[in-house]
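Visitor: I am new to this structure and would like to learn how to read its features. Please show it to me.

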Amino acid sequence: MKKIGTVLLLLIVAVMGCPKAEAFSFALDSIAEMGKFPRFIVNTYRWGDKFFNGYDTTYVQGTSYKFNAKLTTDSWMDGYSFRLPNKKRIFMDSDPSTSAGVYLTYLAVSVGYDINISKLLTGVDRSRQRLRFGFNCMLFGAEVYYSKNDVGATIKRFGDYGDPGHLDIPFNGINNSTWGLDAYYFFSHKKYSEAASFNFSRLQKKSHGSFYAGFSLYTQQLDFDFSILPEELKLQLPANWEDFHYRVNTKNYALRAGYGYNWVFAPKWVLGVSESPIIGVRKGSVISLEDKISFSLYNRFKLSVVWNHGRWFFGAVGKLDAALVNDKETTFAGGVLSGEAVFGYRFNLW
């Protein structure tokens, strides 16, 4: 965040028409010399930077570089499980979707382009829409995300819960989406950096962990259209599934609590793990059209391994997001498993 603040300072100075602004410099000391007002802004900025990013440098350090270029590959797949009345169950999963991209990052701002490799290799567009934005400083982290799947899955189990039979039935009756916002505070924020293990923007020099807590707001819009299945399968569905649809349309308000740990197991290497259940209340409709308030449960798990060597870095990140929806007769569990590989180079332009 330092250089973003520096650029804003230069813009303020230019707008104020400061007489010493002829030769712009990105150095904070140079900006402070432009006058009393720039000096006040610089001092305020330095205080804020120390307050939000004042790590214990024995444990966490900066990278010393403001830019990085990255090559990425990202693969993910969905899984859905239904526990039905009369000891029936349904399980389905999707084919993996894979993309590759090139990104240029300046501090917290990143731009890039992804190519759908799955479509290039198979000729079938099975990509899922996914959007994530994250912000991470010493004190807290925040994430905004959106995902959508309307391209289907494959039914692997359908029928009696003890039946070991395997199925392979294509199922395209899926129209699911979710979006959400998470924000959480790190209690041991001076010695632990989530950014070091998952965002590649810090260096964890000594092993440490931290509990964290915050809130989570998210929606769930699920629609499984089982009316397209053969008649003998539809007869096994619950009677209260209107038109053979399983529908969920809810807003969720929850508390998020968890623990993260960075293990510096060798020079230049960090293994990061983060686990956080998200528990709260759900308001909306599940199967029926009637809105109700009920218990909600979500879980986020992350695992990473990062290698840093001066300007170069490599990271492999795995994530599992899982949700549970329960009503009187049906229990639904759905999740997204994803893996990302990143290879990058850090540099400065000034």
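Predicted model: local features only at pLDDT ≥ 70, side-chain atom pairs only at ≥ 80, totals over all residues.

Guide: Residues are numbered from 1 along each chain as its sequence is written, and side-chain values use heavy atoms, with hydrogens and water left out.

Visitor: How many salt bridges does a search of the whole structure find?

Guide: Side chains of opposite charge can pair when their charged atoms come close. A salt bridge here is a side-chain nitrogen of Lys or Arg within 4 Å of a carboxyl oxygen of Asp or Glu. The search finds eight salt bridges. One joins glutamate 143 and lysine 302, at 3.8 Å from N to O. This pair links distant parts of the chain, with glutamate 143 in strand β7 (residues 140-149) and lysine 302 in strand β15, 159 residues apart. Helices (H or I, at least four residues) and strands (E, at least two) are DSSP runs, numbered from the N terminus.

Visitor: Are glutamate 143 and lysine 302 buried or exposed?

Guide: Buried means under 20% relative accessible area, exposed over 50%, and partly exposed in between (1.4 Å probe, protein chains only). Glutamate 143 has 13%, so it is buried; lysine 302 has 9%, so it is buried too.

Visitor: Which residue forms a salt bridge with arginine 300?

Guide: Aspartate 321 does, at 2.9 Å from N to O. Aspartate 321 lies in strand β16 and arginine 300 in strand β15, 21 residues apart. Aspartate 321 is buried at 11%, and arginine 300 is buried at 4%. Both belong to a network of salt bridges that also links Glu143, Asp182, Glu194, Arg256 and Lys302.

Visitor: How many cavities of 30 Å³ or more are there?

Guide: Rolling a probe the size of a water molecule over the atoms shows where empty space is left. On a 1 Å grid over the protein atoms alone, a cavity is a set of points where a 1.4 Å probe fits but cannot get out, and lining residues have an atom within 4 Å of a point. Grid points are joined across faces, edges and corners, and a volume is the space filled by probe spheres set on the points. The search finds two such cavities.

Visitor: Which residues of the largest nonpolar core touch the most other members?

Guide: A nonpolar core is a set of buried Ala, Val, Leu, Ile, Met, Phe, Trp, Tyr and Cys residues joined through side-chain atoms within 4.5 Å. This core has 23 residues, and Phe82, Met92, Phe224, Phe226 and Tyr246 touch the most other members. β2 (67-84), β3 (88-93), β8 (153-160), β12 (208-225) and β13 (245-266) each supply at least two residues of this core.

Visitor: Where is histidine 189?

Guide: Histidine 189 is in the loop between β10 (176-186) and α5 (194-198). At 14% relative accessibility, histidine 189 counts as buried. Contact means heavy atoms within 4.5 Å, and histidine 189 touches Tyr55, Met138 and Leu139, not counting residues up to four places away in sequence.

Key: 1 Å grid on protein atoms, 1.4 Å probe; cavity = no way out; pocket = protein on both sides within 12 Å on 5 of 7 lines; lining within 4 Å.
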